[in-house]
Amino acid sequence: MEEFDCVVIGAGVIGLAIASDLASQGRSTLVLERHNSFGQETSSRNSEVIHGGMYYPAGSLKASLCIEGRRLLYDFCIDNGISYKKTGKIIVAAALEEIASLENLFKLGLSNGAEGLRLITKEEIKAFEPQVCGMAALYSPETGIIDSHSFMSCLAALAQERGAMLVYNSEFLRARKEKGGYKLSVRNGAEELNLRARIVINSAGLDADSVARNAGFDLEKYRYSIHYCKGQYFRLNSAKARLLKMLVYPVPEPASGGLGVHATVDMAGGVRLGPDDEYLKLRIQDYSVNPLSRLKFYASARKFIPFISEADLSADTAGIRPKLQEQGGGFRDFVISDETDKGFPGFINLIGIESPGLTASLAIARMVKNMTA
Ligand SMILES: Cc1cc2nc3c(=O)[nH]c(=O)nc-3n(C[C@H](O)[C@H](O)[C@H](O)COP(=O)(O)OP(=O)(O)OC[C@H]3O[C@@H](n4cnc5c(N)ncnc54)[C@H](O)[C@@H]3O)c2cc1C
């Protein structure tokens, strides 16, 4: 039976970043991925925004890892020639009643350590984005966008150069604790194979809870069950897309599962609106976009980008958030947990790695590396 120091389950951006860091320490590292390539699920179905870090409760992992991860990510992009743009972002209060929430977001961002935040006036909004309307806005100069595919491709190449093995079409089935580590069963095509690992890292995204359960964790006891929350996107036609150069967000509604339908520019200069948020009743990866949602997107977005008409929008892609927070429930932080005290030494669970997971990926990898040291 093959033996590895570390086995990472899942080749999304998180698993790749972790594998690249672990392999850099000379550890024998294997990444198991059920698809035929990396990044086929949430990591390639997101807004590709490098977040500033102002949304998350002070002291949370989401806040601290977002800010640390953003700094690491910009440096990584420069060092490795990954395309990115520090576009800046404005969160726009469309009505006077939203200004108090904007001020709270500003205070939260400052306490989280998000750099350069500034409340701006109606006139300053026009100076940044002449076509955007609002009563006031929160400006975040450090927010940007990244070519996430190139980022993952670079992480995969780095991991392999450093000696990690990335094995595709290989699905983790179950793990059993043994002396000094774990025995893992893996489906590879029609075959079922076994291997041994001293350290197991569960970065299986939308199925991180199933992976934990199949390793023996009681999901109810540890509150590890994931809820699927879908986010759809609509694309703005190219003539209207040219009118925006920054990221433009509404003030988030407290009960929402996301940040509110926003306008995101991409590396090619296109603009997408979204994602919306809908908790799915069935746990299936349904990425279809309902064309009937177009009116809802138009109605939300025209409050701050009034130059659009409904006909400018066409259905684009969708992603699914792996949420620990139940619908209508309170805030849940990332779970990034060395499970030794639960009786699973050397097992690290990463569960509920929704936004800002892409931004935080390098900081998460650093945290996991420190846990395994
Ligand atoms: C709509 C949306 C918008 C977002 N926008 C942003 C944003 O703008 N900025 C930002 O910072 N973050 C954003 N995020 C969050 C970000 O995309 C995620 O946090 C990040 O991609 C999570 O990466 P991951 O590697 O944990 O998960 P994934 O990319 O889902 O990777 C997990 C991998 O595990 C594999 N896997 C699962 N089970 C098994 C198994 N049993 N055996 C083998 N392999 C398995 C899967 O196939 C998958 O490849 C967004 C998320 C969504 C849904």
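**Overall fold, domains and ligand shell**

The radius of gyration of the protein, taken over C-alpha atoms, is 21 Å, which agrees with the value near 21 Å that a compact globule of 373 residues would have; the globule rule is 2.2 Å times the number of residues to the power 0.38. The structure is a predicted model, in which local features need pLDDT of at least 70 and side-chain atom pairs count only at pLDDT 80 or more, whereas totals for chains, interfaces and linings use all residues. Residues are numbered from 1 along each chain as its sequence is written.

The C-alpha trace spans about 65 × 40 × 40 Å along its principal axes. The protein has 10 helices and 20 strands (DSSP runs, H or I of at least four residues and E of at least two, numbered from the N terminus).

An automatic or database assignment gives domain 1 (2-45 + 150-225 + 330-372) and domain 2 (89-141 + 227-323). Their centres, taken over C-alpha atoms, are separated by 31 Å. Domain 1 gives 8 residues to the contact and domain 2 gives 10, two residues being in contact if their C-beta atoms, placed from the backbone, lie within 7 Å.

Both domains give residues to the shell around the ligand, so the ligand lies between them. Of the 42 residues around the ligand, Gly10, Gly12, Asn46, Gly205 and Gly357 come nearest; a residue is counted if its C-beta atom, placed from the backbone, lies within 6 Å of the molecule. Elements giving two or more residues to this shell include helix H1 (13-24) and strand E10 (170-178).
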